[in-house]
Amino acid sequence: MDNRGFDDDQDMLPFIGLEDGDEELVDGDTPSPIPILALKNAVLFPTIVTPINIGRDRSINAVNRAMEGNRLVAVFAQRELDVEEPKVSDLYEVGTLARIVKMLRMPDGSLTAVLRGGQRIRRTGITAETPFMEGTIEPLEYAQPAEAMTFEATIDSIRDMAVRAVELSPNIPTEARVMLDNISRPSQLLNFIASNLNGEMKTRQELLETNDLGSKAERVLKELQRELHILQLRDQIENKTRGDIEQQQRQYFLNQQIKAIQDELGENPNEQQIDELIARAEKKQWPDEVSKTFDREVLRLKRMNPQVAEFSVQLSYLEMLLDLPWQEYTEDNFDLKTVSRVLDDDHYGLEKVKDRILGHLAVLKLKGDMKAPILLLLGPPGVGKTSLGKSIAHALGRKFVRISLGGLHDESEIRGHRKTYIGAMPGRIVQSLRKVGSANPVFILDEIDKIGQSHRGDPSSALLEVLDPEQNGTFHDNYLDLDVDLSKVLFIATANSMQTVQPALRDRMEIIRLSGYSTEEKLEIARRHLLPKQRESHGLLAKQVKIPLTTLREVVEGYTRESGVRALDRQIAGLMRHAAKEIAMEGEERVTIKKDSLEDVLGPRIFEREPYRVGRQSGIAIGLAWTQVGGEILFVEASLSPGKGGLQQTGNLGAVMKESATTARSYLRANAERIGIDQEAFKTKDLHVHVPEGATPKDGPSAGITMLTAMASAYTDRPVKPYLAMSGEITLRGRVLPVGGIKEKLLAARRAGMKQVILARANERHVREIEERYLVGMEVSYVENMVEVLELALA
């Protein structure tokens, strides 16, 4: 049987027919056995008359059997609604004895029967399950309430509350109040109210099973209070909605009048354009605040005369709202192996940056959501900071956008202008989001260290909100006058130096330092990326031009001196132009550019390195220096001459380097006897320290041990061992302190042919980060004081 018996869409009290008669349907004993009828999603109460549709075979057989006899059936509700063919165990034990008042046979073979509930019954046994269920039953009697007056008061409250429910419900006819007044017996009233409650079926079944009339009345009162509260809330909501609708209709009527007047005057040629904006807005999934702002501003636009200047300003503002990617995100690529491969293919080296990006993606993959980090790529020009941002966007599957901050000196470039100004526009952050069409792009803020200041504000201060993960979820643009969510944007800033970046801005970013490329890394980058790119841009095939590795190394060392690879890229382009000319003019099929022919192609060698010469001369030591274009070997010369113990320093040395020389001489003088130096030499000999290439400024503490070694060699007349280089800072007591740029310095030592390098013990951890293939054939010795240095260095 596929019927509830009652309509779900009605409120309380559907008022299906009620007969104010006795609950007894038969005289004498209850008939037994009796056909059993299962009700789905409905409970039949005593004295209630209701129609039901009967479609299941066993239910039809049960009704037919009842019609052949006394028309009585035992009605029980199903426990579970999804059971199509219920068994006895699927039915509640307490039900209602019912009489079939009328039965109609439908054209589809189903039956419609009108049932009138009688006495409550309990199932005591089952005599048959096919072709219909049949069983034995026993009647149930109500227990009278213990407190008669309390029970009477409860019944009165129920009656009054039911009347209010009838008044509040639009689906219940007013005649229902008359029916309530005509119900005299309390049990009949309780059953009538309970049968029409909108609660769960389980609640109605519990009410049917309740034997004590007092408990039943309290439960019905509680459920009726809940129903009445819902009706009251619904009435309040409908009244408010009705008032809003009336207000909207009034506004619509007035707007239509204004529109008719404007059409009559010929002043509204932009109606179609406004309608297109509204149609676009209906398809947008944007925050409620933005939606309300759009609706408000559209109403303003409709009232404006299109001839006034403000009309175009308002129109541009609405188009900006529609063009922005509110809550429109691209899906991240969480295949970390693929991301790692893409980053490796696009950029050689830069392992720390790649590891940081992979770590962020790993957290996103596991957690599902995370505030995007603000990364600052700090390094010299040409090392690939900007192109790395493109590679990250490609690897993540995100869109890429870049703005250059170099020379920016107006705060409104970041926050935008208020739209009341002539020519007002959003800030460049919002404009870039509109251009890229995504709310979670990879956003490159290029040259953040070159932001300027003027009387129009400080743009770097405006960036504080953009680059703070705790604040940029509600970034406020002055033009929009709305909060824009930037929390999903992956901001990557680039800078060459931290000197001009204000501390508050620096504190909001995670700094990743990119050092200059070594010669080996430049060769690898040239082989993997620069050669194929320039070959393609010059229309050449791989088989048409060959540039050996020795040629590339000569180009790197002799024609470029930079930390990045831009100059190298230009020199390779010169080689490709030469090859293209040979092929196009001379008819060559394959051009090989050898090291010996570079002077003919690129001109004379631009940069020369002083070669290392093996000798037994005292007073010369080799240090290692870091520059922005890589590591260099540094010759430190010391010589003695008759005098009064003076110290002279040349070679364009900075203040720190001069202090290192003074400290080294003081240490030697204090420990002369231990080192083997005659004290008289400090009184009768002048010391001259010189670092060649005097036109090049030099500074820093890392040449300390080199200067001390060169001085000790001069004072003791013991030469420094060949193929030995060193780097480290010294103290007045002879301790050797660690220095920076270890990777670049060791690679410079290897290029120069050094076989041994002396470093501070604390630099050992930096050496372990360098790939072993770069250190093949070179021994690194670690020291803690100058005694150890001199023992290793002096022959």
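Mentor: Happy to, and keep in mind that this is a predicted model. Let's begin at Pro-131, which sits in the loop between β5 (111–128) and β6 (134–139).

Trainee: Is the peptide bond from Thr-130 to Pro-131 cis or trans?

Mentor: That bond is cis, with omega near 0 degrees. For background, most peptide bonds are trans.

Trainee: Okay, on to phi. What is phi of Asn-652 near?

Mentor: Phi of Asn-652 is near 60 degrees, which is positive in a residue other than glycine. Most residues other than glycine have a negative phi. You'll find Asn-652 in the loop between β18 (647–650) and α21 (655–670).

Trainee: How does Asn-652 count by relative accessibility?

Mentor: Asn-652 counts as partly exposed because its relative accessibility is 38%.

Trainee: And what about Tyr-723, where does that lie?

Mentor: Tyr-723 is in the loop between α24 (704–716) and β20 (724–726). Its phi is positive too, near 55 degrees. With 29% relative accessibility, Tyr-723 also counts as partly exposed.

Trainee: Switching topic: how much space lies in the largest pocket?

Mentor: About 1100 Å³. The largest pocket has 35 lining residues, and those nearest its centre are Lys-352, Arg-513, Ser-515, Lys-743 and Glu-744.

Trainee: Which elements give two or more residues to that lining?

Mentor: They are α11 (351–367), β13 (510–513), α17 (519–537) and α25 (742–751). Of the elements, α11 gives the most, with 4 residues.

Trainee: What is the lining like by class?

Mentor: The lining has 14 nonpolar, 10 polar and 11 charged residues.

Trainee: You mentioned β13. What is the strand order in the open sheet of 5 strands?

Mentor: The order is β8-β9-β12-β7-β13, and the pairing is parallel. At the edges stand β8 (400–404) and β13; each has a single partner strand, so one side of each has no neighbour in the sheet. From one strand to the next, the twist averages 20 degrees.

Trainee: How many bridges join β8 to β9?

Mentor: There are 5 bridges between β8 and β9 (residues 442–446), and the two strands run parallel. Within that pair, Val-401 stands opposite Phe-443 in β9.

Trainee: Last one: which strands does helix α14 touch?

Mentor: Helix α14 (residues 428–436) packs on the sheet and touches β8 and β9. The direction of α14 makes about 150 degrees with that of β8.

Methods
Residues are numbered from 1 along each chain as its sequence is written. This is a predicted model: local features need pLDDT of at least 70, side-chain atom pairs count only at pLDDT 80 or more; totals for chains, interfaces and linings use all residues. Side-chain values use heavy atoms; hydrogens and water are left out. Buried means under 20% relative accessible area, exposed over 50%, partly exposed in between (1.4 Å probe, protein chains only). On a 1 Å grid over the protein atoms alone, a cavity is a set of points where a 1.4 Å probe fits but cannot get out, and a pocket is an open set with protein on both sides within 12 Å along at least five of seven lines; lining residues have an atom within 4 Å of a point. Grid points are joined across faces, edges and corners, and a volume is the space filled by probe spheres set on the points. Ala, Val, Leu, Ile, Met, Phe, Trp, Tyr, Cys and Pro count as nonpolar, Asp, Glu, Lys and Arg as charged, and the others, Gly among them, as polar. Two strands pair if DSSP finds at least two bridges between them. Axes are lines fitted to C-alpha atoms, for helices over the stretch in contact, and angles run from 0 to 180 degrees between N-to-C directions. Contact means heavy atoms within 4.5 Å.
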